[in-house]
Amino acid sequence: MTPTDASAGSSGAPPSVPGELRQQDYRHKPHEPHRARDHARAPDALYQPPAWLALALRVAGAIVGGYAVTALAVAACSAALAHAGMVRSEAVALCAMLGFVFYLVLALWAFSVRSVVRLWLLLGGLAVVLAALWWAAI
């Protein structure tokens, strides 16, 4: 009888899988990195906050960040259209109506983006770009 047969507990019949493979534990060991989970993470997710904090940051990003970016977008759009020759009151009314759609899209996107870090980085980047456009159009 071979050591494989003895570890399998069979008496003389060859096992279909060698004993050392059958008895190996394929579960994740805490001291080893888990490769499948690492590949599923977003590349910019260096820090994953707890679930309650991630949700609070998403809600704050959707409401406060979305409002701030939308306000800057409406101001930049209306200043640019007024600078281009449109009547100022019509430019403000048009951009304010488009701002509702823009705010809705930002709020929906805030909950669909994979990483909270990516959400806040893009909101901050949009705010800087829109503020620069608003300043240039004034």
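Reader: At 9% relative accessibility, does Ser78 count as buried or exposed?

Author: Burial is read from relative accessible area (buried is under 20%, exposed over 50%, partly exposed in between, with a 1.4 Å probe and protein chains only). Ser78, at 9%, counts as buried, and Ser78 belongs to helix α4, residues 51–83, where helices are DSSP runs of H or I with at least four residues, numbered from the N terminus. The model is predicted, so local features need pLDDT of at least 70 and side-chain atom pairs pLDDT 80 or more, while totals for chains, interfaces and linings use all residues. Residues are numbered from 1 along each chain as its sequence is written, and side-chain values use heavy atoms, without hydrogens or water.

Reader: Which residues does Ser78 touch, not counting those up to four places away in sequence?

Author: Contact is read from heavy atoms within 4.5 Å. On that reading Ser78 touches Ala91, Val92 and Cys95; of these, Ala91 and Cys95 are among the buried residues of α5, together with Gly99, Leu106 and Ala110, and the buried residues of α5 pack against both α4 and α6 (116–137).

Reader: How many disulfides does a search of the whole structure find, and which cysteines form a disulfide?

Author: A disulfide is a pair of cysteine sulfur atoms within 2.5 Å, and the search of the whole structure finds 1. Cys77 and Cys95 form a disulfide with their sulfur atoms 2.3 Å apart, linking distant parts of the chain, since Cys77 lies in helix α4 and Cys95 in helix α5, 18 residues apart. The link is left-handed, with -60° about the S-S bond.

Reader: What is the relative accessible area of Cys77, and what is that of Cys95?

Author: Cys77, at 29%, is partly exposed, whereas Cys95, at 2%, is buried.

Notes:
Helix = DSSP H or I, 4+ residues; strand = E, 2+ residues; numbered from the N terminus.
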